Amino acid sequence: MDTNGATTSSAAGGGSTSKSSSKKHSRKPVYSRFTQQELPACKPILTPGLVIATFTIIGIIFIPLGLVSLSASEKVVEIVDRYDESCVPSDYSNDKLKFIQNPSINKSCVRTLTVPKLMKSPVFIYYQLDNYYQNHRRYVKSRSDKQLRSVSDEKSTKDCSPEDKTVDGPIVPCGLVAWSLFNDTYGFSVNSKTIEVNKHDIAWKSDKEHKFGSNVYPKNFQSGGLIGGAKLNSSVPLSKQEDLMVWMRTAALPTFRKLYGKIEQDLQANEKIQVVIQNNYNTYSFSGKKKLVLSTTSWIGGKNDFLGIAYIIVGGLCLFLAVCFILLYVIKPRPLGDPSYLSWNRSPAGHPN
Amino acid sequence: MIPISIKVSLDLVKSLYAKFIDWDAEMIDYETGIPSHATNTAISEDLGQVEYIMTDKTGTLTENRMIFRRCCISGVFYGNESGDALKDMKLLNAVAGGSPDVVQFLTVMAICNTVVPIKSKTGAISYKAQSQDEDALVNAAAQLHMVYANKNANILEIRFNGSVIKYEVLEILEFTSDRKRMSVVVKDCQTGKIVLLSKGADEAILPYAFVGQQTRTFIEAVEQYAQLGLRTLCLACRELREDEYQEWSLMFKEASSTLVDREWRIAEACQRLEHDFEVLGVTAIEDRLQDGVPETIETLRKAGINFWMLTGDKQNTAIQIALSCNFISPEPKGQLLLIDGKTEDEVCRSLERVLLTMRITSSEPKDVAFVVDGWALEIALKHYRKAFTELAILSRTAICCRVTPSQKAQLVELLKSCDYRTLAIGDGGNDVRMIQQADIGVGISGREGLQAARAADYSIGKFRFLKRLILVHGRYSYNRTAFLSQYSFYKSLVICFIQIFFSFISGVSGTSLFNSVSLMAYNVFYTSVPVLVSVLDKDLSEGTIMQHPQILFYCQAGRLLNPSTFAGWFGRSLFHAIVVFVISIHAYAYEKSEMEELSMVALSGCIWLQAFVVALETNSFTILQHLAIWGNLVAFYVINWIFSAIPASGMYTIMFRLCRQPSYWITMSLIVAAGMGPVLALKYFRYTYRPSKINTLQQAERMGGPILTLGNIEPHPRPMEKEVVSPLQISQPKNRNPVYEPLLSDSPNSSRRSLGSGAPFDFFQSQSRLSSSYSRNCKDN
């Protein structure tokens, strides 16, 4: 090997191309730290200090955060009242389906709720449905967002079957989701004084402005033989039908709450609230439950202890792990990179670490 | 949902592995300026799993740059003292004095070839030769004042000591690997004498010496040169009578023009002429070992790779080269077992004997190698394939000499059939079959043209680059592919598991939690980039790997990609899916359980976990990795904000809404902590308390200190070797006692001593074997 060649080449390795041997260099790849896989790299390893510090810090941050979340959730006042069972007259209690499906029976039902603590305005009114699979594939797909958005797409109802069209033309809004619109209504009063329920702005602003057209009016809705739920006022455009918008935001879980309205006044502790419920919606055929929920809100949302508790548990476990690792480190110190673990002489197959 | 992404990412990454090989500045042959090249981009990680390397000798281990070193003319040894015959005053004087033997010898050196002299304008003569040996001989002759000056049609012109001698070439009997010699028939233009000049392997020349010639000194010369690892050629000549030549010429012409069995007929015709030689002498040509060959072989052997040398060369030359390049260890550590025999029975017995020795010694840490020649190999492969296979498995080293290209390929096939990953490396056309047969073919783009390099998966300029090719490129590629493929499964499985869990709360109706855009983008945009930059990941630095080549064992044994590691990743994906799913459905319950929102919460949970999983599994962070991992996380939000800004999309405004909610961010950090905490804890525990060798080396490397002491501890890979192993005596059935069995050879000289007494025996044996092999070859043709 000629040393001359070696020196020119090492010069080329440094990045400078010597012209003397241009033929040689023509096939040579361009040198860069990337091509040589020599980019400067940071190579962290899991030292005990690093790992223990990580777990400790997570624990220290998570436990207070969990406590804060939990207390936020605790501050939320919530009244939940299940009414589907008790709003069925006792003579129909064996055949609730017959009760709910008979239009001639008065479905009114009065419930009394006691406010446990001061509920600051706004108090949100939700209806909660249990065992209601709004996330079922056939159900979720049975809608036409195009049709809801603009009147020109009125006829695009291909996913909506069987609630796609009647003899008079396409159903607007079509599909099972709209068809099954929730139609229980609630009237609230305290000491025979009616409480105003604000049903405006319960739907998302984006839905009102972009998803539901202001020139789309309900057509042929609930005109078939089988009535699924609420009827819609065909003189009001969809962009004003906020109950529909709320309902059409399908829930991902079989238990869900949907906003019914807002009470924009404080409810005092121990006040008795009279609720007149029009119990129209049929959940009896699939043993679903209906609940009325009055709830205040906090920065974390409604009443939900999960996050707080999970935070405390995870934080606690992290601290526990940190302590364990510290103990292990103290009791059984193990030098990192100890060459005595590099026992090549042991039979390779017998040492599977 | 078999992840299509795995295929795409793997292909991308593999082409990058190949590019890294092409780009590697440390694998450029600076003599020729040729960089290494990966022709096959698909098998880089197989390089890291090589278990057997089959190597050619000439041009692969050696430089294939032939230099004339010694010669023996009429019983006089030249060049023994100085090591260079061209500088030996004895020879120079003999040349000057015009000693007829020497002149005749030089004449054969100069004209018994197919070299073409080319005269440049300045008058200097350069030679164009097909074979490096001929080139060396012609050049050496020229330096000894026998200048092959010109070739004009059939007239050769030779200048010797100022006088010009002209020869007319009548016939050229070309070299074939079966005959192992080549001859020319020339007519001296001055005297009109017709002479046959031959050169060839000793066993192709010496047995055909005329009756009465003492070939003893030549045999000794051949032996001696072979012990030194030199390539020997015997030169001979014979004066032909005019009528004898004419008669033969007719026969030869007829043979050359036959259509059936021409090669055989020509060989037969040649045989008619090539006998009763007057042996002139022996030349010894040195073919130096390439730089770094012993180190490379030692390192790779330490890495647990078994080496087989398959060569067409003589046994002794092969053994010497093997010794000088650490292929086999000298006596106290190593032991050479010979398989030979001319008949089935002999081969069988010798095979069984070797096998028995192998079985006994396999428990002892001793370098046992077997040597087999082409003829015995042929019999062994044909009749005792099973025994030979067992031997092949037991033996870490083997030397197969005098093997044909097809036998090379057969041996590769044999090892492949035992489920070993084989790598064949060679440089010449005769290695092409072996290279193509092996799992990985490596060609040396050397002096014998590019045939091998073209046929191979990888072409490198020098043998020593093999170390880097396997240990660095092969190992990194394997590690990266192992991570990448398992990670690709992991990330796809996370999504799948979440979908499955979701189906249980959606009435098992098959609703997709994620919208179609997210599902599409998940593999393409959200998770592909971080894993692709894992091509830059290096678990250990190159220096550490070179220092501890044993670490390659993890690749060979498939420690990083096997059912149990796969199960680990499977479990991790299941765990992460549970974490993401449970946390998102509980944090986003009741009034928040809106489909699109929940779907984005779960999806972003997955993406966050991906980022941290990649970060945790990355060993070395370059700026690109940071960019890819954290940039990808940012890109996820950017992409989703863009989608959220399109009114027509299903997730219109969703991402903006989520990002404004504190509970969203709280949920994300909960998912990350709950998902990564146990993974980190487990990894830390194994890393510290059950470290793999890779981990230990990583720690050693990065803590800085102990790495130096590591180097001191490590050079005794097998401490047991120090113990004295009683030399095994194999009882040979023949009464003539065994020269070979324990080949005592610390140095070429000592081995010569041990071989000395056996030489004649060997010779007679080889003589008879040769003739039989010759006739066999003829029949084969």
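1. The interface comes first. Chain B puts 102 residues into the contact and chain A puts in 81. The area buried between chain B and chain A is about 8,000 Å². Carbon and sulfur atoms give 66% of that area. Three tyrosines deserve a look: B:Tyr30, B:Tyr684 and B:Tyr689. They supply 10% of the area that chain B buries against chain A, more than any other three residues. Please keep in mind throughout that this is a predicted model.

2. Chain B in outline. It has 30 helices and 21 strands. Of its 781 residues, 60% count as buried.

3. Domains of chain B. There are three in the assignment. Domain 1 is made of two segments, 34–61 and 289–470. Domain 2 covers 65–288, and domain 3 covers 473–703. The C-alpha centres of domain 2 of chain B and domain 3 of chain B are 71 Å apart.

4. The annotated C-terminal part. An unreviewed UniProt entry lists residues 453–692 of chain B as "domain: P-type ATPase C-terminal". Over that range the chain is 72% helix and 2% strand.

5. Where does B:Asp56 sit in chain B? The residue is in the loop between strand S2 (52–55) and strand S3 (62–73). Is B:Asp56 buried or exposed? It counts as buried because its relative accessible area is 4%, against a cut-off of under 20%.

6. The surroundings of B:Asp56. Residues up to four places away in sequence are left out here. B:Asp56 then touches B:Leu61, B:Leu310, B:Thr311, B:Lys408, B:Ile425, B:Gly426, B:Asp427, B:Asp431 and B:Met434. One of these, B:Lys408, also makes a polar contact: its side chain meets the side chain of B:Asp56 at 3.2 Å.

7. B:Gln661. This residue lies in the loop between helix H25 (654–660) and helix H26 (662–689) of chain B. At a relative accessible area of 17%, B:Gln661 is buried. Leaving aside neighbours within four places in sequence, B:Gln661 is in contact with B:Tyr588 and B:Glu597.

8. A sheet region in chain A. Strand S4 (residues 123–130) of chain A is joined to S9(A) by seven bridges, and the two run antiparallel. In that pairing, A:Tyr127 has A:Lys258 as its bridge partner, and A:Ile125 has A:Gly261. Seven bridges also join S4(A) to strand S11 (residues 289–295) of chain A, again antiparallel. There, A:Phe124 stands opposite A:Ser295.

9. Burial of those strands. Eight of the eight residues of S4(A) are buried. A:Val123, A:Ile125, A:Tyr127 and A:Leu129 point one way from the strand. A:Phe124, A:Tyr126, A:Gln128 and A:Asp130 point the other way. Strand S9 (residues 256–263) of chain A is largely enclosed by the rest of the structure, because eight of its eight residues are buried.

10. Backbone points to check. Most residues other than glycine have a negative phi, and most peptide bonds are trans. Two peptide bonds in chain A are listed here as cis. One runs from A:Ser161 to A:Pro162, with omega near 5 degrees. A:Pro162 is in the loop between helix H6 (145–149) and strand S5 (165–166). The other joins A:Val172 and A:Pro173, with omega about -10 degrees. A:Pro173 lies in the loop between strand S6 (169–170) and helix H7 (176–179).

11. Positive phi in chain B. B:Arg402 has a phi near 55 degrees. This arginine is in the loop between strand S17 (397–401) and helix H14 (405–417). B:Arg402 is partly exposed, at a relative accessible area of 21%. B:Val508 has a phi of about 45 degrees. This valine is in the loop between helix H17 (465–504) and helix H18 (516–526). Why does B:Val508 count as exposed? Its relative accessible area is 58%, and the cut-off for exposed is over 50%.

How values were computed. Residues are numbered from 1 along each chain as its sequence is written. Chains are lettered from A and ligands numbered from 1 in the order in which they are written. This is a predicted model: local features need pLDDT of at least 70, side-chain atom pairs count only at pLDDT 80 or more; totals for chains, interfaces and linings use all residues. Side-chain values use heavy atoms; hydrogens and water are left out. Helices (H or I, at least four residues) and strands (E, at least two) are DSSP runs, numbered from the N terminus. Buried means under 20% relative accessible area, exposed over 50%, partly exposed in between (1.4 Å probe, protein chains only). Contact means heavy atoms within 4.5 Å. Two strands pair if DSSP finds at least two bridges between them. Domain bounds come from an automatic or database domain assignment. A polar contact is a pair of N or O atoms within 3.5 Å; within protein, one must be able to donate a hydrogen and the other to accept it, and residues adjacent in sequence count only if both atoms are side-chain atoms. Buried area is the accessible area (1.4 Å probe) that two parts lose on being put together, summed over both. UniProt positions are given in the numbering used here, feature names are shortened, and annotations may be inferred rather than shown by experiment.
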